Amino acid sequence: MHLCISLAQLARKGEKSNMKVVCSVNPGHCTLISYNFLLLIILQLGLDTVESVWPLPQTFITSPERYQLKPQSFSFGYRRHLAAQHHCSVLDAAFKRYFSILFPDYASGNDTIRFSENEIFTLTISLDHHDCEGYPNQDSSERYKLNVSAGQASLNAETVWGALKGLETFSQLVYQDDFGSYYINKTNIEDFPQFQYRGILLDTSRHYLPVQTILKTLDAMAYSKFNVFHWHIVDDPSFPYQSRTFPDLSNKGAFHPMTHIYTQSDVRRVISYARKRGIRVLPEFDSPGHTKSWGKGQPDLLTPCYKGGAPSGTFGPVNPTSPSTYQFMASLFKEVASVFPDTYIHLGGDEVDFYCWRSNPYIRAFMHKMGFGVDFNKLETFYIEKIVNITSALRKTSIVWQDVFDYHEQHKSLSVVEVWKQGCYLCEVRKVVKAGLRVILASPWYLDQPGPTHNWARYYNVWPLAFKGTEKQKRLVIGGEVCLWGEYVDATNLSPRLWPRASAAAERLWSNERQTSSVDKAFQRLQEFRCKLLRRGIQAEPLDVGHCKHEYQSV
């Protein structure tokens, strides 16, 4: 944590006066306490303990004054106006989860011990907007204020989604001493995310991920304050999404039509589970490339490839010249829009191989008729515009990979571009925002790229706004995303590959970058957070030599 003045300055000035200072991550929040009091903080807690929350809150003021928490006398509560509205189902569920997280060693029973009034501790929740029955969306506020004092704590948030973030912060403030007693220090926090979109992409086509693995990932995402699960649900290798409208897509395109699919019930379970943790579920149905598995269950969807003037028996991308293609897509996306409540949908559009289109005489004839010449980028643009129009009619905001932007002369139909290619990715970000489009940055957070898996600093030292542009243009960078592609990832190794490296990106996307610019200062906090993940059942890999007080237990 950056103190308002250095310890050396304090030592010099403390000899002459009773210098006062407060610890805060907000440079504009320096107030006065005694020099001796500051030394007490250093001696009792250590500077790192003061910053034990991950990701680091925007403003974080703490003191060595601490209060014991006893599970038998701890409770969550609502402000009167919220209690009068029959509580909040999202928060009720969160209270049960977080009680177990706060007191992991406590086994409830018939407690007959009575506590005096000064031993009771209540965390009271208040919301500015009662939005408990809806879903989080791109405009949902996650701002909250948390104050901890003797016998009580208050958590105020604009929305229930902010309250969930505040509950997570509160849970990280609670610690145990060597005798197993629970404590929390006097604390004041004002917090909100730097970026509205903070995502994790999982690929369930290259390797099938059991539903339980996805749910556990959602838990870990909530601990790091991620708020978007980008579900890359289908791709070339398999089509595990079970469609009501087109059941043969999974019957013939999944690795196995019974065991390696996501039923409608599975999808609803994932969406409901994510919602209760303040996480949006964003589906991706990538086309016109990456669709080999689609063609197994949907005849005439893919383009026949030709060799020597005759069909070769192989197939390429979706056939963009056939009216039946768009009839199929309209029906499929109508179903997808009804199943996934989020207003965003990812249409893909990346890595389209033009070889097959180029080999097909009917495709070439269509291009000549449309005046495209031999520019296959124009053919892809034609297709993407058709699909964007379909999803727009369903009131969905489309996201596309940067390939579409790069080869798309007219950008009017595009809304959100995800930048994923390596190289000068900030150059690409600048191009997109100069065109007036929103950006999601993924390039620096591809966790499947070669390199030591323990090197979390490369993901921490990313500055999404470090490009030349106006403030208006920089506001178009709505966030970023950690991508874990599935070529070499399944349920056996997903968690250690993802955590805690993804948490490094989580702090970059949530916290004030000026206050989190030092890898050295972040290291100890991330070490402590990794231990918290282990205690919560997440198989997060080590950052360096060392140990956790509570090592991972197979659960």
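Where is the place of proline 500? Proline 500 lies in the loop between helix 19 (494–498) and helix 20 (501–510), where helices (H or I, at least four residues) and strands (E, at least two) are DSSP runs numbered from the N terminus. The structure is a predicted model, in which local features need pLDDT of at least 70, side-chain atom pairs count only at pLDDT 80 or more, and totals for chains, interfaces and linings use all residues. Residues are numbered from 1 along each chain as its sequence is written, and side-chain values use heavy atoms, with hydrogens and water left out.

The bond between tryptophan 499 and proline 500 is a cis peptide bond, with omega about 5°. A cis peptide bond also runs from tryptophan 54 to proline 55, with omega near -5°. Proline 55 is placed in the loop between helix 3 and strand 1. Most residues other than glycine have a negative phi, and most peptide bonds are trans.

Positive phi values occur at histidine 290, about 60°, and at glutamate 351, near 50°. Histidine 290 is found in the loop between strand 10 (280–284) and helix 10 (292–297). Its relative accessibility is 13%, so histidine 290 counts as buried (buried, under 20% relative accessible area; exposed, over 50%; partly exposed, in between; 1.4 Å probe, protein chains only). Glutamate 351 is found in the loop between strand 13 (344–348) and helix 12, and at 46% relative accessibility it counts as partly exposed.

Pockets were located on a 1 Å grid over the protein atoms alone, a pocket being an open set of points where a 1.4 Å probe fits, with protein on both sides within 12 Å along at least five of seven lines; lining residues have an atom within 4 Å of a point. Grid points are joined across faces, edges and corners, and a volume is the space filled by probe spheres set on the points.

The largest pocket holds about 1,200 Å³ of space. Its lining has 43 residues, with Val174, Tyr175, Gln176, Glu528 and Lys532 closest to the centre. Elements giving two or more residues to this lining include helix 3 (47–50), strand 1 (59–69) and helix 21 (519–535). Helix 21 supplies the largest share, 7 residues. The lining comprises 17 nonpolar, 15 polar and 11 charged residues (nonpolar: Ala, Val, Leu, Ile, Met, Phe, Trp, Tyr, Cys and Pro; charged: Asp, Glu, Lys and Arg; polar: the others, Gly among them).

The second largest pocket holds about 240 Å³. Among its 15 lining residues, Lys292, Phe315, Gly316, Pro317 and Asp353 lie nearest its centre.
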